Amino acid sequence: MNNNEKNQTQSEAAVSSLITRRQFLARLSIVAGGLTAALVGAPIVGFLFSPLLKKEPEVWQPLGKVDDFKIGETTHVTFSDPSPLPWAGVAADTAAWLRRTGDQEFTAFTINCSHLGCPVRWLPQAKLFMCPCHGGVYNNDGSVAAGPPPTGLARYPLRIQNGQVEIRTTPLPIEGQIIG
Ligand code: FES
């Protein structure tokens, strides 16, 4: 083998080595890209699908003693959201309208309008719930009186335990039920 042939063989080996290095780097960048996508994407996918996977806890929470509420009155009550978002802060508390309709009979209405979810207010003189957003009006039994709400106010299940009125927190909308 003369010098020319030797040089040619060495340069072919160098090119072959370069291609192998390029292929290796290309594969390495694909693997690195895939790992980065998995690292970035996994939390996002988890966040998007977590509401589907996580079942909302149903918890009975006390609202007060039976005698704290007068028959015929509707009272604003607050309780803790059983599954608050980590950053919820004061929004981890939620509210309802509690109406005592008899000696051992109560109804708890959701505070959110069935139209677009604005909080409704109770007007005791008019005996109506009013929604400030688009003028929705509800009767004192939660049925729609006027305006855009498509349905009445949703109700929470209630029970009386050891003289305490308890509310069962569930995802809304919910079917109401009075237990007493
Ligand atoms: S949100 Fe209550 S009427 Fe629209």
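Predicted model: local features only at pLDDT ≥ 70, side-chain atom pairs only at ≥ 80, totals over all residues.

Leaving aside its neighbours within four places in sequence, which residues is Trp97 in contact with?

## Meeting Trp97

Contact here means heavy atoms within 4.5 Å. By that rule, and setting aside neighbours within four places in sequence, Trp97 touches Thr74, Thr75, His76, Thr107, Ala108, Phe109, Thr110, Ile111, Val120, Arg121, Trp122 and Phe129. Trp97 is buried, with a relative accessible area of 10%; buried means under 20%, exposed over 50% and partly exposed in between, using a 1.4 Å probe and protein chains only.

The side chain of Trp97 also reaches the backbone oxygen of Val120, at 3.1 Å. Val77 is another residue to look for: 20 residues separate Trp97 from Val77 in sequence, but their C-alpha atoms are 6.1 Å apart in space.

Residues are numbered from 1 along each chain as its sequence is written, and side-chain values use heavy atoms, with hydrogens and water left out.

The pLDDT is the predictor's confidence in each residue, from 0 to 100. The protein averages 83, and 75% of the residues score at least 70. Over residues 174-180 the pLDDT is below 50, and this stretch has 18 contacts in the model beyond near neighbours in sequence.

## The strands around it

Trp97 sits in strand E3 (residues 93-100). Strands (E, at least two residues) are DSSP runs, numbered from the N terminus. A hairpin of five residues leads from E3 to E4, and the two strands run antiparallel, joined by five bridges. Two strands pair if DSSP finds at least two bridges between them.

Why is E4 (residues 106-110) described as largely enclosed by the rest of the structure? Because five of its five residues are buried. Phe106, Ala108 and Thr110 point one way, with Thr107 and Phe109 pointing the other way. E4 also pairs with strand E9 (residues 155-161), in the antiparallel sense over two bridges, and there Phe109 has Arg155 as its bridge partner.

## A neighbour: Thr74

Thr74 belongs to strand E2 (residues 74-80). Thr74 counts as buried, at 11% relative accessibility. Its side chain makes a polar contact of 3.0 Å with that of Arg99. A polar contact is a pair of N or O atoms within 3.5 Å; within protein, one must be able to donate a hydrogen and the other to accept it, and residues adjacent in sequence count only if both atoms are side-chain atoms.

Methods:
Helix = DSSP H or I, 4+ residues; strand = E, 2+ residues; numbered from the N terminus.
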